[in-house]
Amino acid sequence: MASQFGDVPEPHLDTRADYDHVGGETADPDLAAAIDERIDGDVQFDEYSRQLFATDASIYEKKPIGVARPKTTADVAAIVSYCNERDIPVLPRGGGTSLAGQTVNEAVVLDFKRFMDGFVDFDPEAKTASAQPGITIAGLNAELESEGLKYAPDPAWGDKSVLGGCIGNNSTGAHSLKYDKADGYVESITAVLADGTVTEFGWMDLDELSAAADPDGDLEAQIYDAVETIIEEDAEEVHERYPDLKRNVSGYNLDVIVEDAEERGEINMGRLLAGSEGTLAVITEATVSLEPIPETTAVAMLTYDDVLDAMRDVAPILEHDPSAVEVMDDVFLEMARETPEFSDVVAMLPDGTDSTLLVEFYAESEAEGQQKVADLIADRVPDAESTVEPSDGAASITDADRNAVDVMEAYDEDRKADFWKMRKAGLPILLSNTGDDKHWPYIEDTAIPAENLAEYVAEFQEMLDELDTFASYYAHAGPGVLHIRPLLNLKTQEGVDTMLEIADDVTDLVMKYDGSVSGEHGDGRARTQWNRKFYGEHLWETFRDLKETFDPNWILNPGQVSGDEAGISDMTQDLRYDPDYDFEVPFEPELNWNNENGFQGMTELCHGCAGCTGYTDTTGGVMCPTYRAADEEITSTRGRANMLRSAMNGELPDEIVSEEFVSEVLDLCISCKGCKVDCPSGVDMAKLKAEVVNEYHNRHGSSLRDKLFKNVDSLASLASTFAPLANNATKIPGSRTLLEKTIGIAEERSLPKFTRNTLEGWWESRGGAQVPESAAERKAIVFADTYTNYSRVDVGKATIRVLEAAGVHVELSEKTDSGRPAYSKSFIDAARETARENVHTLTPRVRRGWDVVFVEPSDAVMAQSDYLDLLEGSDVHELAENAYGVTEYVNVFDLDENVDWDAPEKTLTYHGHCHQKGTNKDHHAAEVMERVGYEVDELDSGCCGMAGSFGYEAEHHSMSKAVGQEVFDLVEESDGDEVCAPGASCRTQFEDSDVADGQPPHPAEELEAALP
């Protein structure tokens, strides 16, 4: 794969094309070749791919043997059969979102998310659907929604988690008060057994089971025999040792098999595979039963002074038949308050709130939902009044029995979504700190009967106090599944020892209060160790016998649920961070890193939750554009962050500033800033990339093209001087081909057209400001960026006219370069120098009462955000605080109120700029345009794919168009009369597509058109 960093770039990887080999040496090339020749899918055995799949969302890391990406059940059977004959472990993997380490192992990884992610069949009358294991839960439900049905288990990361993983972990979610775990919805499963046999497991009565069982038969017959033996001989022990809880996913699903046999006279072997974590067989297709989608929901957010008060309220709240009861404690809320994505939501809570219970009700109508909330409030919240009167007898207790302090209600979709969004981002919020002490998941899903929750939490807190640490409590309080994550530093031996001690003590505590060691996330590497204590020696041996019957050579994800072949399981092995962990940044970072542990802390911030991979089945959000187009792990923020960390802790053979690493890992990051806002932990990949590529330039030099883009302001000035000759030169036959071959500018891409009549020239010819300073409501310096000054002068004119119509005294900036071109190509010193000049020029004016208004969104964000990374001191902060995009400026100061607008009657399809979305400043344009009289369809769109110079580069042209396609599709679906976009790059991308008639207008031009 070629790099963009040579003088004459060669074509890069095309969209969803040949990613068979990503980077580094190929491990075990003979095995890779043997598997590759047996399947229609492909293999990735190179060092980079192996490292990409060495982690999941857990605390563990183990480099696999290689990665195989099957396309069919036959592919899976061929791989498993080949590996079984040679005692090579195999690991099925979906989204890599497991929190207990189930999806990391020294094995051949079967990556189902890449190809085997299809929707197979749907029977609305039978209320069943069939799908492949790699389909996300969100993708599956999108196929079912039109019939009013859904797959009921709803793990928090349903847009990242896949069906195979959901069944493999026996997942459920926030609504388990209403629904079963995944096992309750399994109708049949197509599975590949350890010897490569393909079979279908579904319902069979006990006579059929007995007829099929044969201890001396083939593998499938032996499996039936083992299951029949468990039903006949171990039922009493199963009843005694398994907790009487709806939420228990620890150990094998023996209780379900025994219960079905006793109560129904039949069993479903597919339900035995649920929760087996890929250790018994490999699921390649599943038929699942469905539930009706509720008509509507209603939400009450109860607030408390203490988390124990909230815990005491859970059991009485359950008497109101809610669909979900979710807790968030003070630690969780405080960290959410500091996370940009959720700070506004937390700000809605009453002052002094320590903890909350989010209580949701299903309802047939909004009125019914409001009534259910009113009855709850009357019963649980003293002195509170709901929007409707409670039912007779709703309040049956005294205020002394009530623990809640206050309540907030939510009935409209946006407000309900805000409450749920904060809750569902629990793990990433807790791991959003960049220090070494983190809230690690390893005992985070214990399940306790609701009536025992308060006592359990109180005793848990005492235990943590004795160990001089603390934890956060959040998640599914209703079914008693609290996500409790103690704060520890696993880079120290003391931290690892404390983790082990807590896990051991918690197992005892769970058993004391009749709970389960895992109510949601499964055993994996974190909890398998405790199954022997929890279930007792007899059932532990039953687990192992069952495993050995299914998998005689112990090749299927060995070590999980029943330990390894020798019976060993140690939760402290293969930690991602441990006392031997080493990390070295091979250069001195240039940017300001105002976080704990600086550059290293940001690099280690990604913990693998896969938030960046959840947009391939759904639209919306900004992150991560090239992953959405390529659907390859290395193009995700998680993949890039993992590789950065791995390069600096010695797990990769290449240096972080080597040509191969920069080309393979960072080249397709388009620095859209989407991860800064959409990643719940706030991984800033654009900033990390700037540091690494800047050092690459320092060590290896830079291409001619990069230097030209870095100095585009000077080039534009020169082209403007020689316009229209400069424009006509690119029309000469063969000139564009020559430009691509020599410099690497895509010949298919439209180039900017320059004019000699610059905005600066127009400003001087008109005599400068038209609104006297003495009569102005505000005064602003309009920053005429490169594109606005030399190419799209009309946008600059419109900006000035709109501001003047709103009573603003305007002056034009002296410079046209914000530093964005240099910074976007990772020339930090050049960007810093330009930033310093602008701060030196503009901040004194700011101190005299001037605002600075930018036409181009990326330049506005440069001053508002990126300057703070480049410079220090009060000057740069003052400029950042007084810098605005043009519509942001109008909106913040309500300047539109000064104009009697006369907007044309039309609907605008508005696509915002990703940099503004990444800094939560994109909403202003739509709000202003609506207030002046337009109908606005504001697209929930990500990056357009142009990304400054990225879309001009020959090797990136196809990726640029692929990224843009999602935006194009949204435009096509919109009922708008005209597309509108503030970004110059975005408008160029639209101009080169067939969804817009020429280059779309800037919002400032739409405002100008609405002037009276």
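Helices α36 and α37 are roughly antiparallel to each other, because their angle falls in the class for angles over 145 degrees. In that scheme angles under 35 degrees are roughly parallel, 65 to 115 roughly perpendicular, and the rest oblique. The model is predicted: local features need pLDDT of at least 70, side-chain atom pairs count only at pLDDT 80 or more, and totals for chains, interfaces and linings use all residues. Residues are numbered from 1 along each chain as its sequence is written, and side-chain values use heavy atoms, with hydrogens and water left out.

**Helix packing**

Helix α36 covers residues 857-870 and helix α37 covers residues 874-881. Their axes come within 8 Å and cross at roughly 160°. Axes are lines fitted to C-alpha atoms, for helices over the stretch in contact, and angles run from 0 to 180 degrees between N-to-C directions. Helices are DSSP runs (H or I, at least four residues), strands are E runs of at least two, and both are numbered from the N terminus. The crossing of α36 and α37 is left-handed. That term applies if the near helix is turned anticlockwise from the far one by less than a right angle; clockwise is right-handed.

From α36, the contact takes A863, Q864, Y867 and L868; from α37, V876, H877, L879 and A880. Contact means heavy atoms within 4.5 Å. By class, the contact has six nonpolar, two polar and no charged residues. Ala, Val, Leu, Ile, Met, Phe, Trp, Tyr, Cys and Pro count as nonpolar, Asp, Glu, Lys and Arg as charged, and the others, Gly among them, as polar.

Helix α23 (residues 637-648) packs against helix α26 (residues 685-700) at about 40°, with the axes 11 Å apart. The two are therefore oblique to each other. α23 passes α26 in a left-handed crossing. T637, R640, A641 and L644 of α23 meet M685, L688 and V692 of α26. Here the classes are five nonpolar, one polar and one charged.

**Cavities**

Rolling a probe the size of a water molecule over the atoms shows where empty space is left. On a 1 Å grid over the protein atoms alone, a cavity is a set of points where a 1.4 Å probe fits but cannot get out; lining residues have an atom within 4 Å of a point. Grid points are joined across faces, edges and corners, and a volume is the space filled by probe spheres set on the points. The count is 13 cavities of 30 Å³ or more.

| Cavity | Volume | Lining |
|---|---|---|
| Largest cavity | about 630 Å³ | 43 residues |
| Second largest cavity | about 180 Å³ | 21 residues |

T97, S98, G165, N169 and S171 lie nearest the centre of the largest cavity. Its lining divides into 17 nonpolar, 20 polar and six charged residues. Elements that each supply at least two lining residues include β3 (90-93), β12 (282-289) and α15 (413-424). The largest share, four residues, comes from α5.

In the second largest cavity, F53, D111, D631, E632 and E633 lie nearest the centre. Its lining has six nonpolar, six polar and nine charged residues.

**Backbone**

Most residues other than glycine have a negative phi, and most peptide bonds are trans. A cis peptide bond joins M623 and C624, with omega about -10°. C624 sits in the loop between α21 (598-603) and α22 (625-630). Another cis bond joins A723 and P724, with omega about 5°. P724 is in the loop between α28 (712-721) and α29 (725-729). D87 has a positive phi, near 55°. D87 lies in the loop between α3 (73-85) and β3.

Methods
1 Å grid on protein atoms, 1.4 Å probe; cavity = no way out; pocket = protein on both sides within 12 Å on 5 of 7 lines; lining within 4 Å.
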